[in-house]
Amino acid sequence: MSYTCYQCGKTYREDQLILECTCGGYLKAPERAIRKQDIITQDPTLWRYRKALPIGENDPVISLGEGLTPLVKTNFGGLFFKADSLMPTGSFKDRGAALVISHLKKLGIKKVINDSSGNSAAAYAAYCAAAGLECHIFTPASTSVGKLVQIQMYGAKVTKVAGARDQVTLAAKAEAEKQVGQAVYAGHNTHPLFPEGCKTVAYEIWEQLGWGVPDNIVVPFGGGSAMLGMYKGFRELVSVGEIPHMPRIFVIQAHSCNPLYSLFVGKEESAQCVPGLAEGISIAKPIKKVEAIAAVRQTGGTVEEVSEGEIIEALREASRAGFYVEPTTAATVAGALRLQKTGVIRSAEKTVVLLTGNGLKATDKIGQAMGLV
Ligand SMILES: *Cc1c(COP(=O)(O)O)cnc(C)c1O
Ligand SMILES: [Zn+2]
C-alpha cells in the first residue's frame with residue numbers, strides 16, 4: 001500500500017522514510033480494514049488492532065502499554081468520557097507516537113526531532129527512550145513546566161523557541177537539515193503514521209460500546225490528528241460494514257485560537273491566535289483544516305469555539321465530577337456542555353467526549369488560573 005499526497009495526489013511507498021510530498025503537501029495513509037475477528041483480544045493495548053495498522057506482522061513494536069483506555073459513562077450530562085488522559089505519558093499523543101517511533105526505529109533512524117507545545121513532545125520523548133533513540137524537542141517558550149520536566153526526564157533534549165508556534169516548527173526543521181543522515185524531523189502534525197495511531201481510539205469506542213457507534217463525538221482541534229484519526233477509524237468501520245453509519249463529529253476550538261472555527265463559519269479573515277489556557281490546541285495555521293472541515297460536514301457535525309471563561313468553568317465542573325484534566329481538554333468538555341445546552345446534542349443520545357490530556361500535566365497553569373498558587 002502507499003501514501004497519497006493530500007494536495008497533489010502523488011503516491012509514495014509506505015515502507016520508506018518519506019515525510020512529505022515534493023510539492024510540500026502532507027501525506028495520508030490508505031484506508032485499511034478491521035473486523036471483530038481480526039482483534040487480538042489477549043493484547044490489552046492498541047496493538048490489538050494491528051491488522052489495521054501500517055506495521056508489518058513481524059515488525060517489532062515499541063510499546064508502553066498504550067491504548068484501551070476506559071470509556072466512562074459519567075453523571076455529567078450523561079456524557080461518555082474516553083479517558084486518554086490515562087495514557088502512559090498522560091495524553092492521547094501516545095497513540096501516534098507509538099506508531100511513528102516504532103516505524104522510525106525499524107528504518108534504522110538514530111535521532112528524532114519534533115516540535116510541540118508539550119504533549120506530543122512528552123510522547124515522542126518517552127517512546128524514543130523505550131526504543132533507545134535520541135530525541136530533540138523544540139517547544140514554545142510558554143510550555144507548562146510540568147511538561148518540560150517530563151520531557152527532559154525521559155532523556156530528551158529541549159530547545160525553547162520564542163515567538164509564534166510556526167517559529168518552533170521552522171527551528172525544528174532547520175536543526176534536522178543541519179544533521180541530514182543522522183536525525184529526522186518527524187513532526188506529529190504532518191507525519192502520515194501519527195493519525196494512524198490516533199484512529200485506534202475509534203476502534204476502542206466501537207468495541208467498548210459493545211460493537212456500537214455513538215451518536216456524537218466531541219473532540220478538540222489543534223493540528224487535527226485526534227479528530228482526523230477518529231474520523232478515519234470510524235470510516236474504516238463503516239466501509240467494512242462493522243457499523244451502520246458515522247457518528248456526528250463536533251470539533252472544539254478555543255476563541256483565543258480559532259482558525260478552524262473561523263473557516264467553518266466563513267469568517268477566515270477574523271481568525272486569531274493569541275495565548276490562552278488551551279495551549280494544546282493553539283495552532284494558528286493548521287495544515288489539515290480543509291480536510292477537517294470536509295470531514296466534519298460529511299458527518300453532520302459542526303465546529304464550535306469556547307471562551308476562556310467557559311474553559312475555566314468546565315475545568316472546575318469536570319474536576320468536581322472527579323476528572324482532573326488539562327485546560328485544553330476542559331475546552332472540549334466546555335464545547336460538549338454548550339452543545340447540550342443549545343440542544344444540538346441531546347442527553348438521550350450517546351455522546352463521547354475525548355479527554356485528551358491529564359490535569360497533572362498542567363498543574364502550574366491550572367493552579368494559577370484558579371488562584372490556588
Ligand atoms: C495535541 C493535543 C490536542 C490537539 O490534538 P490535535 O491532534 O493536534 O488536534 C488536544 N488536547 C491535548 C491535551 C493535546 O495534547
Ligand atoms: Zn504533493
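Q: Happy to start inside the protein: how many cavities of 30 Å³ or more does the structure hold?

A: The structure holds one. A cavity here is a set of points on a 1 Å grid over the protein atoms alone where a 1.4 Å probe fits but cannot get out. This is a predicted model, in which local features need pLDDT of at least 70, side-chain atom pairs count only at pLDDT 80 or more, and totals for chains, interfaces and linings use all residues. Residues are numbered from 1 along each chain as its sequence is written, and side-chain values use heavy atoms, with hydrogens and water left out.

Q: How much space lies in the largest cavity, and which residues are closest to its centre?

A: A volume is the space filled by probe spheres set on the grid points, which are joined across faces, edges and corners. For the largest cavity that comes to about 290 Å³. Its lining counts 30 residues, with F92, K93, G222, G280 and I281 closest to the centre; a lining residue has an atom within 4 Å of a point.

Q: Now the domains: how is the chain divided?

A: Domain bounds come from an automatic or database domain assignment. Here domain 1 spans 1-30 and domain 2 spans 71-91 + 193-369. Six residues from domain 1 and eight residues from domain 2 take part in the contact (heavy atoms within 4.5 Å).

Q: What area is buried between domain 1 and domain 2?

A: The size of an interface is often given as the accessible area lost when the parts come together. With a 1.4 Å probe and summed over both parts, the figure is about 570 Å², 55% of it from carbon and sulfur atoms. Y6, Y26 and A29 lose the most area in domain 1, together 68% of what that side buries.

Q: Which side chains meet in a salt bridge?

A: The term needs a side-chain nitrogen of Lys or Arg within 4 Å of a carboxyl oxygen of Asp or Glu. E291 and K28 meet this way, at 2.8 Å, N to O.

Terms used
Chains are lettered from A and ligands numbered from 1 in the order in which they are written. Buried area is the accessible area (1.4 Å probe) that two parts lose on being put together, summed over both. On a 1 Å grid over the protein atoms alone, a cavity is a set of points where a 1.4 Å probe fits but cannot get out, and a pocket is an open set with protein on both sides within 12 Å along at least five of seven lines; lining residues have an atom within 4 Å of a point.
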